[in-house]
Every structure is written in structure tokens, then in C-alpha cells.
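Hi,

Here is the structure I promised to pass on.

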Amino acid sequence: MLFKNVCFYNEIFEKETADILIENGRIAAIGVIDGAGRDMSSMLALPGFVDIHIHGGAGGDFSDGCTQSLDKMSLYLAENGITSFCGTSMTLDSETLVSVVKCARAYRRLKDGAKLVGINLEGPYISQSKKGAQNGDYIRRGSINEFNFLFDESGGLVRLITIAPEAFDSDEFIRQASKKCTVSLGHSAADAEKARRAFDIGASHVTHLYNAMTPMNHRNAGLVGTALDSENVMCELICDGKHICPAVLRNTFRILGDSRACVISDSMRAAGLGAGEFELGGQKVFVPESRECAYLSDGTIAASVSNLFDEFRNLISYGIDFKTALKSCTINPARAVKLDGEIGSIAVGKAADIVFTDGDLNIKEVYINGTLTQHSTD
């Protein structure tokens with residue numbers, strides 16, 4: 001397949017126009033390429049988006065531990081320009097977590113669906129005081145033996161785990177787990193000293209920055225301030241306009257720059273369905289008619305009902321520059337889970353995951369591994 005006259009964002013996220021040759025699901029060449037092909041000059045090409053923290057969508061939840069739910073999520077994501085994702089578990093009992101990771105290991109995506117490229121374990125080794133919408137009945141002390149078992153049962157698919165470093169004697173856990181996957185701090189009451197210690201010994205990521213963690217103030221940096229101050233730490237941001245206000249997002253991106261932010265959806269099964277009552281991690285959650293967010297019955301924000309591409313558009317409208325917003329939805333999350341050599345940018349040798357849009361960023365076509373999976377009929 002040969003695309004001619006493609007306006008796209010290249011490997012260093014600068015705009016250029018060239019021909020793109022796709023062979024065997026990968027980008028084989030970029031440049032001036034002889035031969036007949038399809039003229040794409042009327043569209044803009046973006047790398048396929050990568051969501052490394054998503055619980056569900058379109059009625060499916062990763063923690064259901066069943067193929068049908070993964071299919072629902074995968075199709076919903078592809079429709080919205082997300083070509084790769086890490087299914088994210090809730091804090092659950094051991095038996096359920098094993099079934100969830102085994103299901104993910106065995107999953108084979110539908111032809112028109114996004115790729116399941118990893119597992120994100122959000123918990124269960126977190127803080128009761130910062131559990132947010134996690135089920136406190138299943139919170140427990142960190143166990144490297146349980147983690148190793150889950151990692152093995154997943155076939156090495158676990159790419160990220162969230163822990164609260166102050167909730168247990170976590171030093172050895174961080175040292176060992178960080179050799180196998182990215183260790184993230186979140187749902188945590190850690191002070192600045194404890195957070196700094198965790199980053200120094202192997203943690204390198206923060207789960208949904210600002211939410212469910214110790215805040216920064218002028219007398220104590222907390223987990224938030226310590227993460228922002230740590231140049232080697234990547235930070236997740238939910239950019240639905242509800243979890244973090246636009247002014248704070250603008251300030252945060254000024255600190256993080258264009259290489260340390262990972263935009264995530266943190267969406268649950270209600271995403272794409274509208275208002276109503278739903279389930280998340282064994283708890284009832286509610287989405288109001290405004291569809292702004294999901295909430296527990298006590299008013300606690302439970303999860304997002306957004307998707308990464310809508311959040312990308314949000315960022316542009318908030319004044320975040322295009323390159324920074326795009327990298328934060330593509331190559332940065334891919335790098336956070338060590339898949340940037342395979343996905344996250346339009347470059348020779350990488351998977352041919354490309355989203356074509358019009359000038360107003362309306363999705364027109366989505367290619368995953370070089371195959372057209374979604375297209376607009378407009």
C-alpha cells in the first residue's frame with residue numbers, strides 16, 4: 001500500500017509531506033517513492049494514539065476478564081483513533097486478578113479493533129486513605145511473590161503497576177518489580193521524602209497526577225511536587241476537563257514539557273454509552289446527564305468517560321501546543337511502557353498505525369498494522 005503526498009508528523013514530531021509505503025503491516029519507507037498510490041493530500045496523518053490507562057468503554061471492562069468485554073473496548077477505541085492500549089485492572093482479589101491477566105494473555109483482537117499491548121495493574125498495593133474509587137476491601141500489602149505470579153500468568157504482558165510506597169515496606173518490591181515493568185506511584189499518601197526515595201530506587205511514573213495523592217503546597221512538595229521536580233519521572237494526566245482544570249493543565253505542561261506527560265483516559269465501561277448507572281470494581285457508579293464524569297454514590301469522582309482523542313482536542317482548545325499534545329497521546333505513553341520502538345510515531349520499521357483526520361481533527365480513517373479498521377462515511 002502506497003500513500004502519496006501525506007502531510008504527517010514525523011519521528012521527531014515535525015510536520016512534513018512525503019509518500020509512505022506500507023508493507024506487511026509496517027512502515028517500509030518514507031520519502032519520494034515511485035509508483036501509483038492513493039493521494040492523501042486532503043488529510044492530516046497522525047500516529048495511532050496509545051492509551052496506557054483505560055479500564056473500559058462501550059459497556060466492556062478489562063476487569064470483567066472476558067473476551068467479549070475486550071472486544072467491546074477494542075472496537076470502541078479504534079473508532080476513536082486509539083490504536084494500542086494497556087487494559088487496566090482495578091484493586092481486586094487475587095483469584096480475580098489471575099483470571100483477568102490470563103484472559104488478556106489469551107486475547108486475540110478483532111480485525112477492526114485496537115491492539116491490547118499490555119496490562120496496567122492499578123493496585124492492589126495502595127493506600128486506604130487515597131483509594132478513591134478503588135474497593136478498599138481488596139487493598140493489601142505489597143507482595144513481590146503475588147506480583148511475580150501475576151506477571152508470569154500474564155505471559156509478561158504486565159507493563160505497569162501502581163503502588164503506594166508508604167503503605168508497606170516497599171523498597172525491595174520497587175527494586176525487583178521495576179526490572180520487569182514500569183512502577184508507578186499513585187493512590188498514595190506518600191510525603192515528599194518517601195516519594196523521592198521510591199523514585200531514586202526504581203519508580204519512574206505517576207498514576208493520574210493530582211488525583212488520589214498528596215498535593216503540593218508551599219511548605220511540602222508532596223507526591224505531586226516531587227513528581228514534577230523529578231526529571232526522569234513521567235506523569236499521567238486525565239484531560240477530560242473535570243479531573244484537572246485547564247489552568248492547572250497549562251501550568252503542568254509548562255513544567256513537564258513535551259516529553260514527560262502521558263495523557264490517559266482512565267475511562268470505565270460507561271465511556272461511549274451516555275448517562276446511567278454502571279459498575280466499576282464491584283461498586284456502583286453513576287454518570288449524570290452532563291456526561292462529564294463517573295461518580296460513586298458519595299460524590300467521589302470514580303473514573304472518566306472520555307477517550308484519548310477527545311482529550312487531545314481538549315488540550316488544543318486549552319492552548320497546549322500541537323506538538324506537545326500529540327506527543328503526550330502517542331510516543332510518550334509508548335515510551336512509558338517501553339514500546340516506543342514499536343508504536344507511538346510514524347517512522348520506518350514501526351507498526352503502520354495511522355489516524356487520518358481532516359483539518360478540524362475529525363477522524364476520517366484509522367489504520368492498524370496497515371489495515372483500514374475505521375472510516376468516516378461523511
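On one side of the contact between two helices, H2 brings Ser 94, Leu 97, Val 98, Val 101, Lys 102 and Arg 105. H2 covers residues 94-106 and H3 covers residues 144-153; the two pack at an angle of about 30°, and their axes are 8 Å apart. Because angles under 35 degrees count as roughly parallel, H2 is roughly parallel to H3. Bear in mind that this is a predicted model, so please read everything here as computed from it.

Next, the largest pocket. How much space lies in it? The answer is about 230 Å³. It is lined by 20 residues, and the closest to its centre are Gly 132, Ala 133, His 187, His 208 and Ile 301. Strand S19 (residues 301-303) gives the most to that lining, with three residues. By class, the lining of the pocket comes to seven nonpolar, nine polar and four charged residues.

On to charges. Side chains of opposite charge can pair when their charged atoms come close. The whole structure has 14 salt bridges. One of them joins Glu 172 to Arg 175, with 3.6 Å between the closest N and O atoms. Both sit in helix H4 (residues 171-177), and because they are three residues apart there, about one helical turn separates them.

Last, two spots in the backbone. Most residues other than glycine have a negative phi, and most peptide bonds are trans. Which peptide bond is cis here? Look at the one from Gly 123 to Pro 124, where omega is near 15°. Pro 124 belongs to the loop between strand S10 (115-122) and H3. The other spot is Phe 13, a residue other than glycine with a positive phi, near 60°. You will find Phe 13 in the loop between strand S1 (2-9) and strand S2 (15-23).

Cheers

Note on methods. Residues are numbered from 1 along each chain as its sequence is written. This is a predicted model: local features need pLDDT of at least 70, side-chain atom pairs count only at pLDDT 80 or more; totals for chains, interfaces and linings use all residues. Side-chain values use heavy atoms; hydrogens and water are left out. On a 1 Å grid over the protein atoms alone, a cavity is a set of points where a 1.4 Å probe fits but cannot get out, and a pocket is an open set with protein on both sides within 12 Å along at least five of seven lines; lining residues have an atom within 4 Å of a point. Grid points are joined across faces, edges and corners, and a volume is the space filled by probe spheres set on the points. Helices (H or I, at least four residues) and strands (E, at least two) are DSSP runs, numbered from the N terminus. Ala, Val, Leu, Ile, Met, Phe, Trp, Tyr, Cys and Pro count as nonpolar, Asp, Glu, Lys and Arg as charged, and the others, Gly among them, as polar. Axes are lines fitted to C-alpha atoms, for helices over the stretch in contact, and angles run from 0 to 180 degrees between N-to-C directions. Angles under 35 degrees count as roughly parallel, over 145 as roughly antiparallel, 65 to 115 as roughly perpendicular and the rest as oblique. Contact means heavy atoms within 4.5 Å. A salt bridge is a side-chain nitrogen of Lys or Arg within 4 Å of a carboxyl oxygen of Asp or Glu.
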